[in-house]
Amino acid sequence: MSSRIIKRTKNTLVYYLTRLLIWKLNILPRSWSIRIGASLGRLAWRMIDRDRQRVHQNLQIAYGNRLTADEREEIGRRFFINSGKNLVDVIRFEKHFRDEIRPLVEVEGLEYFEAAAKRGKGIFGVTGHLGNFELLAAYMQSLGYSCAVIGREMYDKRLNELLVRNREAVGLVNIATTDSPKKIVGWLRKGGVVGVLIDIDSMRVRSAFVPFFGKPANTPIGQSIIAVKTGAALLPVACLRTANDRYKVIIRPEVQFERTGDVEKDAYQATLLCTKALEEMIDSHRDQWIWIHTRWNSRPENLP
């Protein structure tokens with residue numbers, strides 16, 4: 001049997017198992033579904049040795065000897081449990097968002113969002129893989145803002161269709177990373193909001209090395225270039241889990257940077273400030289950031 005057939009069979013199996021899981025988690029009460037999500041996260045933490053090792057490595061990079069091995073272990077375990085719970089609520093968007101999930105969210109700093117929106121030049125909601133970032137966009141959309149999210153297409157078109165449909169069910173517009181930047185600019189010019197994740201190490205998008213926990217990290221910079229050119233606001237935001245499986249959306253003040261007329265320089269400074277704000281939110285909620293990501297994988301050419 002060829003590797004292509006094996007891969008296709010595996011993808012099909014994953015797709016139908018995902019469909020089954022979505023159906024099951026939507027017919028159960030949220031409390032039961034949350035328990036299932038937590039159990040799956042706990043099981044994954046125990047079974048996926050590669051990710052467990054990566055969590056320890058990344059926490060060591062970020063915090064050095066300030067964390068013990070036991071503390072790193074506990075942060076990683078709680079991250080997996082939180083991720084399982086977050087995934088359950090996202091899966092339940094289509095049927096349960098407005099009546100069940102939205103009422104669980106409180107917001108801090110909405111005045112910053114409102115002030116930026118009044119300018120009419122659009123907003124970049126700058127966040128990362130912290131807390132429930134899918135819920136963040138859905139909640140802001142529910143407040144009456146026109147929100148779009150930029151997302152990389154999944155490896156299987158059927159899974160990607162499920163993801164996009166889930167976003168569209170709560171009113172979000174999906175913009176693929178392969179779409180033209182003109183689509184983003186057009187959305188901003190209509191006063192829209194664009195959610196961007198800036199904590200990925202990817203060579204597929206315009207990037208620059210920016211300090212992240214004191215280490216240079218390859219960071220998307222395209223959103224800052226657009227903001228410099230168009231006047232769109234850059235607002236650091238996050239949706240964090242709180243007690244009793246509720247959420248709190250945190251909106252930080254608009255990033256202010258000196259405009260020198262040098263687009264590249266100004267965009268770098270803006271990205272640096274956004275990254276610092278995100279780092280501070282991660283540091284306050286260490287068990288809610290994706291420590292399994294190879295954040296510091298790329299290295300600047302002048303460093304070993």
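This is a predicted model: local features need pLDDT of at least 70, side-chain atom pairs count only at pLDDT 80 or more; totals for chains, interfaces and linings use all residues.
# Sheet, helix packing and rings

Biologist: In what sense does strand 2 pair with strand 5, and over how many bridges?

Modeller: Strand 2 pairs with strand 5, residues 193-197, in the parallel sense, and five bridges are found between them. With strand 8, which covers residues 233-242, strand 2 also pairs in the parallel sense, over four bridges.

Biologist: How many residues of strand 2 are buried?

Modeller: Five of the five residues in strand 2, which runs over 123-127, are buried, so the strand counts as mostly covered. I123, G125 and T127 point one way and F124 and V126 point the other way, and every one of these is buried.

Biologist: What is the order of the strands in that open sheet?

Modeller: The order is 1-9-8-2-5-3-4, which makes seven strands in an open sheet with mixed pairing. The edges are strand 1, residues 105-108, and strand 4, residues 173-176, each of which pairs on one side only. Averaged over the sheet, and with direction ignored, neighbouring strands are turned by 30° against each other.

Biologist: Which strands does helix 4 lie across?

Modeller: Helix 4, residues 69-91, lies across strand 8 and strand 9, where strand 9 is 246-251, and the helix runs at about 105° to strand 8.

Biologist: Switching to helices: at what angle do helix 2 and helix 3 pack?

Modeller: Helix 2, residues 30-47, and helix 3, residues 49-63, pack at an angle of about 85°, and their axes are 6 Å apart. The two are therefore roughly perpendicular to each other, since that label covers angles of 65 to 115 degrees.

Biologist: Which residues make the contact, and how do they split by class?

Modeller: Helix 2 contributes W45, R46 and M47, while helix 3 contributes D49, R52 and V55. By class, the contact has three nonpolar and three charged residues, with no polar ones.

Biologist: How many aromatic pairs does the structure hold?

Modeller: There are twelve aromatic pairs in the structure. One of them joins W45 and F80, whose ring centres are 5.3 Å apart with planes at 55°, so the pair is tilted. This pair links distant parts of the chain, because W45 is in helix 2 and F80 is in helix 4, and the two are 35 residues apart. Both W45 and F80 are buried.

Biologist: What about F212 and F213: how far apart are the ring centres?

Modeller: The centres of the F212 and F213 rings are 5.0 Å apart and the planes stand at 85°, so that pair is edge-to-face. F212 and F213 belong to one aromatic cluster that also includes Y63, W289, W291 and W296.

Biologist: What is the phi of F213?

Modeller: F213 has a positive phi of about 55°, although it is not a glycine. That deserves a second look because most residues other than glycine have a negative phi. F213 lies in the loop between strand 6, residues 207-212, and strand 7, and with a relative accessible area of 8% F213 is buried.

Biologist: And N244, is that one buried or exposed?

Modeller: N244 is exposed, with a relative accessible area of 68%. N244 lies in the loop between strand 8 and strand 9, and its phi is near 60°, again a positive value in a residue other than glycine.

Biologist: Back to strand 7: where is T219, and which residues is T219 in contact with?

Modeller: T219 lies in strand 7, residues 215-220, and at 0% relative accessibility T219 counts as buried. Leaving aside neighbours within four places in sequence, T219 is in contact with residues including I198, I200, R206, S207, A208 and V210, and also with T271, T275 and R295.

Biologist: Where does I221 lie?

Modeller: I221 lies in the loop between strand 7 and helix 10, which spans 222-230, and with a relative accessible area of 4% I221 is buried. Setting aside neighbours within four places in sequence, the contacts of I221 are R206, S207, A208, A267, Y268 and T271. As for V205, 16 residues apart from I221 along the chain, the two C-alpha atoms are separated by 8.1 Å.

Definitions and conventions: Residues are numbered from 1 along each chain as its sequence is written. Side-chain values use heavy atoms; hydrogens and water are left out. Buried means under 20% relative accessible area, exposed over 50%, partly exposed in between (1.4 Å probe, protein chains only). Two strands pair if DSSP finds at least two bridges between them. Contact means heavy atoms within 4.5 Å. Axes are lines fitted to C-alpha atoms, for helices over the stretch in contact, and angles run from 0 to 180 degrees between N-to-C directions. Angles under 35 degrees count as roughly parallel, over 145 as roughly antiparallel, 65 to 115 as roughly perpendicular and the rest as oblique. Ala, Val, Leu, Ile, Met, Phe, Trp, Tyr, Cys and Pro count as nonpolar, Asp, Glu, Lys and Arg as charged, and the others, Gly among them, as polar. Rings of Phe, Tyr and Trp (its six-membered ring) pair if their centres lie within 6.5 Å; planes under 30 degrees apart count as stacked, over 60 as edge-to-face and the rest as tilted.
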